[in-house]
Amino acid sequence: MLTRNCLSLLLWVLFDGGLLTPLHPQPQQTLEAEPTENVVPVPGRRSSAQRVKRGWVWNQFFVLEEYMGSEPQYVGKLHSDLDKGVGTVKYTLSGDGAGTVFTIDETTGDIHAIRSLDREEKPFYTLRAQAVDVDTKKPLEPESEFIIKVQDINDNEPKFLDGPYVASVPEMSPVGAYVLQVKATDADDPTYGNSARVVYSILQGQPYFSIDPKTGIIRTALPNMDREVKEQYQVLIQAKDMGGQLGGLAGTTTVNITLTDVNDNPPRFPKSIFHLKVPESSHVGSAIGRIRAVDPDFGKNAEIEYNIVPGDGGNLFDITTDENTQEGVIKLKKPLDFETKKAYTFKVEASNLHLDHRFHSVGPFKDTATVKINVLDMDEPPVFSKPVYTMEVYEDTPVGTIIGAVTAQDLDAGSSSVRYFIDWKNDVDSYFTIDATEGTIATNELLDRESTAQYNFSIIASKVSNPLLTSKVNVIINVLDVNEFPPEISVPYETSVCENAKPGQVIQTVTAADKDLSPAGQRFSFRLSAEASNKPNFTVHDYRNNTAGIETRRNGYSRRQQELYFLPVVIEDSSYPVQSSTNTMTIRVCRCDSDGTILSCNVEAIFLPVGLSTGALIAILLCIVILLVCVHCLFSCCWAPLKKTWPHLLYFHPSVIVVLYVALRRQKKKDTLMTSKEDIRDNVIHYDDEGGGEEDTQAFDIGALRNPKVIEDNKIRRDIKPDTLRFPRQRPPVEDNTDIRDFINQRLEENDVDPTAPPYDSLATYAYEGNGSVAESLSSIDSLTTEADQDYDYLSDWGPRFKILADMFGEEESYNPDKVT
C-alpha cells in the first residue's frame, strides 16, 4: 500500500499542469490513489486521438459508526480533472446506500452520511461514482467504484455464548488440574484498536480455582479438595475488552464445578459388636438379621463386600450384600436347635470392591465387627424318625395283623407325649388302623393285590400339650402277591385240523397268562389231562418257554365221522403254592387242499358237496310240483289201488321238503360267499369290476370268457367298439321241423364268428318259436269252464310223446269212483 501511494504522488508531481486537481482528505483518513488512463474528448485542446490523463480518485473512505452529530457526517470528496469549476460537470452516486445512507453534491462532489451507522450491522458499503456533462448528459469518464468503510468504536461488551458452564474434577486432585476452558466473544472489530481484545479474571471462586487471563482455562488452585467436605463450587468468571484497561466493557458467566468421588475412604462399622436374637424355628435360607458398615464414598466406590471370618458357628450362617442399601444380610444355612446350642459368635469383615491404588498408603480398606446370635427356644411340633416309611404286607393277611410302626418325638426341653392318627383325607377306604399311643399300623380289611398293589397315605403326629402343633409323614405300603390264581390260556384259540393231516403236525401254538404278579423266571408247564392222554387223536408238546404246541397223533381225520374234538390241556405255574387249571380246546375238522389251505369247515358241505344253481333249484321245484299234480290225478282216478300206497306218499312228502330246504339254504350261502374261500369251483372267474355300461371302451378284455377256439381263429381286437359299419347278419333259413337245439347252435355260432359283436354287456335274442305244433296252443284261456266239458281225445293225435297223457286223460270218462265196489 505504501508503494502505491508513493507512485501516485510521483505521477501527481510529473503531470501537474492544471489537468488534475488535488482532493482535500479528511483527518484520520487513509488516501489510496491509483493512476488510470482513459480517452476523453476535450474540445479546442487536442485531437480526439490525444491521450487524456484522469485525475486520481478515492479508492476507500472511512466513516465513524454511531455518529450522533446534528449535521450530516462528511465522508469525502470526488473530483474529476475535467471539472474546470464552471458548473459543466455533474457528479452521480449509485450502489449500497446511495440516496438513503449516503448523498453527494452534484456540483462539488462532496459525500455525506445522512444517518448513524453500525459496523456490527454492516461493516462497509460499495458505491459507484461518475462525472457527467451537464449539457450533453454524456459521461465524461468511465464509472469508478469505491468503498466506504465504517470505522469501529468500542460499543460491544464481551459475551459468553456457551455459559453458564458445568464442569467436574476428581476430588483430591493436585494443584493446577485442568477443569474447563471458557471463551468470550466481542462483536467489535478485532483488527482495529483494542476494542475486541479480551482478558479473563475470576470474581468469585478463589482460592479454590484459577483462570488463565488470555486462554480462559480454569484450573484447581488448592490441593486435596475433599468431596466429603464440600462437593459443589460456583465460580464467577469475567471477560473485559480493551485489554482489561479502564474504560473497557466487561461480561460475566457462571461455572458450576462438582468434585467427583474417588475411593479415598474405607468402610467402617459404626459399632464393634452386633447382637441378634433368632428363633430356633427359623427356616433354612431365611434372613435372620442385617448389619451395615458406613462408607462416605459414593457410587461404586461405596460398594461393600461382607464375609464371615471362619470361627465358632460361622458354618451355620451366610452373609450377602443388599445392592440397594449396601447392608450385610445374614442368612441361615442349617437349622437351629435350642436344645443343642443356645448361642453363636462369629466375625464379619466389610471391604471395598473397587480400590484406588493412589490411596493404599492411607490404610487397609476394610473393617471387622463381631456378631453374637442368641437362639430363642420355640414350642415345636413332634419330629418323625424317618422322612418316609415304607412297609410290606402279603395279600389276604388276616384283619388286625400289625405290619409296622411310626415313631415321633417332642424335642423341646419340656417334652410332651405324642398322639398318632391317620389323615383320612387320603385314606378314604380305611384299609389300615394305627394305635394312637404306640404308632403301630395294622390291617383293617383283607387286601387284594390284584385290586390295589400299593397304598400311600399320611400319618399325623400331634403333641398332647399343644394339639395344634402337628407334623406329617408319608407311609407307603406295598401289597405282596400270593399265588392264588392258576394260569390259563391267554386268548381263546380257534383251532382246526385238516382231514388229510399227518402225524406230528403242529396245528396250534398256545400261551398262558396268570392274574398273579409273576416273579422273575416264572415258568408255565403244559400237559394233557389224564383222561385225554390215552386217546390217540392229539397231544401237547411243551416247549419249556411258556408256550406249547398242539400236535396230531394219527393220519387223517374225517368230518363225516366226527367234526369237533375237545382237548383238555392242564397248565401249571412254578410259584408257591403251585396252581393249575384245565383248559379245554375245541378242534374243528376242515377240508383242505394238498398244500394244507383250509377250503371248508362247514357241516352242510358234507351233504351238498356240489353247489346248485338257482335255475337248477327252480327246475327241481317244477318237477316236484308236476309230480304232485300227477300223483293227485292218479289218486283221483285210482282211489282204491292207492289206499295201500298212501302212507308211502305221506313219507315221501316230508323227505322232499327237507331236501328242498337244505338245497335252498346251501344255495343262499353259496351266493353270498361266492368270493370267499368256501367257493371251490374251478370253472367260475370273478371280476370285481362294474364297468361303465355300453359306452365304456376302457373296460377289461372279457375275451377269456369267450370260446377259446373262436378267439384264436378271430384275431380282431374285441376290447374296443369297432368303427366299421356292422354287416347285416345273414340268418340261414330254418328248415321245417328243425329242432330247437340245432337252431340255437346256429345262432350261437353266428355270434361267435361275428367280428362286429360288441365286447361289452349285450343281449343276444334267440327268438324262435318253431314252425308250429299239431297240438296247437296249450293255453287255458279258451278252455271250457269245467273239466267235464273237456275232451282229451285229441291227445292221442299228438304223437308218441304224449301217449302217457292220452292214456291218463282218455280213461277219465270211463273211470267213476262211485261205481267201485
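Strands here are DSSP runs (E, at least two residues; helices are H or I, at least four), numbered from the N terminus.

This is a predicted model, where local features need pLDDT of at least 70, side-chain atom pairs count only at pLDDT 80 or more, and totals for chains, interfaces and linings use all residues. Residues are numbered from 1 along each chain as its sequence is written, and side-chain values use heavy atoms, leaving out hydrogens and water.

Back to the strands. S22 and S23 run antiparallel and are joined by nine bridges. Two strands count as paired if DSSP finds at least two bridges between them. As background, strands of a sheet pair through backbone hydrogen bonds, either parallel or antiparallel. S22 and S23 belong to an open sheet of four strands, in the order S17-S23-S22-S19, and its pairing is mixed. S17 and S19 are at the edges with a single partner strand each, so one side of each has no neighbour in the sheet.

Next, the core. A nonpolar core is a set of buried Ala, Val, Leu, Ile, Met, Phe, Trp, Tyr and Cys residues joined through side-chain atoms within 4.5 Å. Buried means under 20% relative accessible area, exposed over 50%, and partly exposed in between, with a 1.4 Å probe and protein chains only. The largest such core has 25 residues, and Val348 is among those with the most contacts inside it, as are Phe269 and Ile373. Strands supplying at least two residues each to this core include S17, S19, S22 and S23. Ile373 touches Leu276, Phe317 and Tyr344, among others, leaving aside residues up to four places away in sequence; a contact is heavy atoms within 4.5 Å.

Last, the cysteines. How many disulfides does the structure hold? There are two, each defined as a pair of cysteine sulfur atoms within 2.5 Å. One joins Cys498 to Cys592, S to S 2.1 Å. Cys498 is in strand S34 and Cys592 in strand S40, so this pair ties together parts that are 94 residues apart in sequence. The torsion about its S-S bond is about -85°, so the disulfide is left-handed.

The other joins Cys590 to Cys601, S to S 1.6 Å. Cys590 lies in strand S40 and Cys601 in the loop between strand S41 and helix H2, so the parts tied together are eleven residues apart in sequence. Here the torsion is about 110°, so this disulfide is right-handed. Cys590 is buried, with a relative accessible area of 0%.
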